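Morning, everyone. Please have a look at the structure on the screen while I talk you through it.

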Amino acid sequence: MAFDIKNILNAATAGAAAETIEKDFEEIRLDYEKIVVTGQNKYSMDEIEELAAGIEMVGGLHEPLILGRVNGEYWLASGHRRRAAIEMLVQGGAERFRVVNCRYKDMTETEFRLHVLIGNTFNRHYTDYDKMMEAEEWKKALKAAQKEKLLILEHGERVRDYVARIMGTSAAVVGDYNRINKNATPEIKEQFKDGTIGVTAAAAASQLPENEQKEIAGRVAAGEDIKAQEIRDMVDEKKAEEKEKRSIAEQKADQMSDTDTNEEEKENARRLHALKMLEKYYIYMSDEEVGILERMLEDCKRRKREYGLDDVGSTV
């Protein structure tokens with residue numbers, strides 16, 4: 001195992017965590033174009049021009065880029081904004097910045113994914129929408145780590161609990177992020193991304209039908225301040241309506257079942273009555289009628305054997 005994920009998660013400070021994950025890295029200088037930028041970094045890349053100006057002023061990168069060497073390629077784990085600033089400088093004619101200081105370590109794809117997430121978690125500040133995306137990425141990465149035996153959970157431990165610890169929040173908030181990401185409509189997610197609706201309100205809205213979510217998103221987009229409690233009240237009202245509908249449907253089903261049972265019981269009672277009457281009037285039956293009854297009896301026995309039915313009683 002290349003690193004102990006639990007030690008990293010238990011690091012007390014951001015500095016300690018960074019020190020833990022980078023302690024076995026080797027130094028190397030690379031042309032920035034040889035550094036592969038993957039799709040793992042999904043967060044905003046702002047103020048690149050200002051960063052490029054700062055790098056040019058001090059004559060280079062203050063901190064090295066952090067790389068993972070995956071299948072022989074150097075993948076960028078940390079320093080996406082700095083690499084983008086270097087690219088801007090070189091494309092502007094400043095070739096002296098092309099080769100940059102880096103630190104790298106051999107990794108599997110899952111280890112690389114974890115390093116990217118750890119670096120982002122400890123070194124960046126996001127919106128609530130970014131945190132939702134990060135929670136989803138952590139969940140996927142830790143599940144992959146479980147499969148590769150990089151993370152072994154103790155009895156009673158959940159991936160969600162680790163995600164909450166890493167992000168410095170509660171498992172309940174992580175649950176809200178999951179609900180929004182999984183159930184919210186694009187319109188609610190857009191308002192959540194813009195910051196016009198908060199975590200609690202968006203999570204509550206995600207429990208509503210699609211048309212009602214769109215209505216809420218439209219009201220928010222129009223400038224209306226809809227409180228989380230108002231949305232929760234809507235959810236509770238919807239749940240109460242659904243519960244009442246289910247109760248009515250169950251009552252109707254029970255009534256239909258009772259009707260069917262009553263009809264069946266009436267038919268069986270009619271048959272039993274006819275048989276009991278034969279006990280009183282059998283002496284008046286002709287030989288031909290007795291023969292018909294005997295054949296009917298044999299036919300009933302045959303059906304019982306074929307259908308595997310139990311005896312239902314006796315007229316005696």
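This is a predicted model: local features need pLDDT of at least 70, side-chain atom pairs count only at pLDDT 80 or more; totals for chains, interfaces and linings use all residues.

Let's start with strand β3, residues 65-70. Is this strand enclosed or open? β3 is largely enclosed by the rest of the structure, because five of its six residues are buried.

Now its partners. On one side of the pairing list is strand β5, residues 99-106. β3 and β5 run parallel, and five bridges link them. Look for arginine 69: opposite it, in β5, stands aspartate 106.

The other partner is strand β4, residues 73-78. Here the sense is antiparallel, again with five bridges. Glycine 68 is bridged to tryptophan 75 in β4. β3 and β4 make a hairpin, with two residues between the strands. Asparagine 71, in that hairpin, has a positive phi near 55°.

Leaving out residues up to four places away in sequence, threonine 38 touches Trp75 and Phe112. Is threonine 38 buried or exposed? Its relative accessible area is 18%. The cut-off for buried is under 20%, so threonine 38 counts as buried.

Next, the cores. In soluble globular proteins, nonpolar side chains tend to be buried together. How many residues are in the largest nonpolar core here? It has 39. Trp138, Leu142 and Val163 are among the residues with the most contacts inside this core, and so are Ile180, Phe192, Ile216 and Ile231. The elements that give two or more residues to this core run from α5 (109-123) through α6, α7, α8, α9, α10 and α11 to α12. α6 gives the most, with seven residues.

Last stop, the surface. Where is tyrosine 282? Find the loop between α12 (228-281) and α13 (287-307). Tyrosine 282 has a relative accessible area of 51%. Exposed means over 50%, so tyrosine 282 is exposed. Tyr282 also belongs to a nonpolar surface patch, along with Tyr281, Ile283 and Tyr284. Together, these four have about 530 Å² of accessible area.

That's my tour. Happy to go back to any part of it.

Key: Residues are numbered from 1 along each chain as its sequence is written. Side-chain values use heavy atoms; hydrogens and water are left out. Patches are made of residues with over 30% relative accessible area and no salt bridge: like charges are joined within 9 Å, nonpolar side chains (Val, Leu, Ile, Met, Phe, Trp, Tyr) within 5 Å. Accessible areas come from the Shrake-Rupley method with a 1.4 Å probe; for residues, only the protein chains shown count as cover. A salt bridge is a side-chain nitrogen of Lys or Arg within 4 Å of a carboxyl oxygen of Asp or Glu. Helices (H or I, at least four residues) and strands (E, at least two) are DSSP runs, numbered from the N terminus. Buried means under 20% relative accessible area, exposed over 50%, partly exposed in between (1.4 Å probe, protein chains only). Two strands pair if DSSP finds at least two bridges between them. Contact means heavy atoms within 4.5 Å. A nonpolar core is a set of buried Ala, Val, Leu, Ile, Met, Phe, Trp, Tyr and Cys residues joined through side-chain atoms within 4.5 Å.
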